[in-house]
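My notes follow in the order I made them.

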Amino acid sequence: MTSFIIDAHLDRSLPDKWQEDPECVFCRIINQELPASILFETDKVIAILDILPLRKGHALVIPKTHVARLSELPAEYAAATGEAVSKVANALTQALDHTGLNVVCNQEYAQIVPHVHYHIIPAPRLDSSPASEPSSSSNPTSTSTTTAQRKSTGLSHHDMHRIERQGREELDDDVAEELTVKVKAHL
């Protein structure tokens, strides 16, 4: 009974408000108005290195349409994004010689940029020293302090996010270029 309604929406163009947002950081990266270390790109998706990585190799996979909520992402972009997440995750595991990953997509809660995106974050190596993680290179006590703070109770969401961001350092251009080449070699 409703198939004619569904058929009327097949192959329709996206509404203008979904196309892009001139103030959105990711839309500006997609439009090449802001620099990024691009790992992978198609007509529907782009994958870049996060400029404030939790760990070396922290990547973002972003659909090239401005949609704030994953639950509202058109199927064709969801499919392309899922395919890209798999490709980039595979390339990262090979480039870093480490298979442990966290893949996260936030919707509203903890979503700093209101544009759908997936984080692909290499997991900490069980055999690594604190110095091998980017967050501790400039402050050797930052990892233990952050861990102790996280274990304490009563932190607000804002405080938890602040503590999480404290341990991040901006991605170095040379490190980004080297890692981009390594990951692209496996795509």
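I took helices (H or I, at least four residues) and strands (E, at least two) as DSSP runs, numbered from the N terminus. I worked on a predicted model, where local features need pLDDT of at least 70, side-chain atom pairs count only at pLDDT 80 or more, and totals for chains, interfaces and linings use all residues. Residues are numbered from 1 along each chain as its sequence is written, and side-chain values use heavy atoms, with hydrogens and water left out.

**Entry 1**

I found Asp174 in helix H7, which covers residues 173–184. Is Asp174 buried or exposed? I noted it as exposed, because its relative accessibility is 59%. The cut-offs I used are under 20% relative accessible area for buried, over 50% for exposed, and partly exposed in between (1.4 Å probe, protein chains only).

Asp174 belongs to a surface patch of negative charge, together with Glu170, Asp172, Asp173, Glu177 and Glu178. A patch takes residues with over 30% relative accessible area and no salt bridge, and joins like charges within 9 Å. Asp and Glu count as negative, and I placed each charge at CG of Asp or CD of Glu.

**Entry 2: salt bridges**

I counted a salt bridge when a side-chain nitrogen of Lys or Arg was within 4 Å of a carboxyl oxygen of Asp or Glu. The count by this rule is six salt bridges.

Lys44 pairs with Asp43, and their closest N and O atoms are 3.4 Å apart. I listed Asp43 as exposed, at 60% relative accessible area. Lys44 also pairs with Glu76, at 3.6 Å between the closest N and O atoms. Glu76 is in helix H4 (residues 75–96) and Lys44 is in the loop between strands E1 (38–41) and E2 (45–49), so this pair ties together parts 32 residues apart in sequence. I listed Glu76 as partly exposed, at 43%.

Next I looked up Glu108, which meets Arg69 in a salt bridge of 2.4 Å, N to O. Glu108 sits in the loop between strands E4 (101–104) and E5 (118–122), while Arg69 sits in the loop between strand E3 (59–63) and H4, 39 residues apart. Arg69 is partly exposed, at 32%. Through shared partners, Asp43, Lys44 and Glu76 form one network of salt bridges.

**Entry 3: Ala59**

Ala59 lies in strand E3. I listed Ala59 as buried, because its relative accessible area is 0%. Which residues does Ala59 touch, not counting those up to four places away in sequence? My list includes Leu39, Ile48, Val88, Leu92 and Tyr118, with contact meaning heavy atoms within 4.5 Å. I also checked His117, whose C-alpha atom is 9.9 Å from that of Ala59, 58 residues apart along the chain.

Note on methods. Patch = residues over 30% accessible without salt bridge, like charges linked within 9 Å, V, L, I, M, F, W, Y side chains within 5 Å. Areas by Shrake-Rupley, 256 points an atom, 1.4 Å probe, with all protein chains shown as cover.
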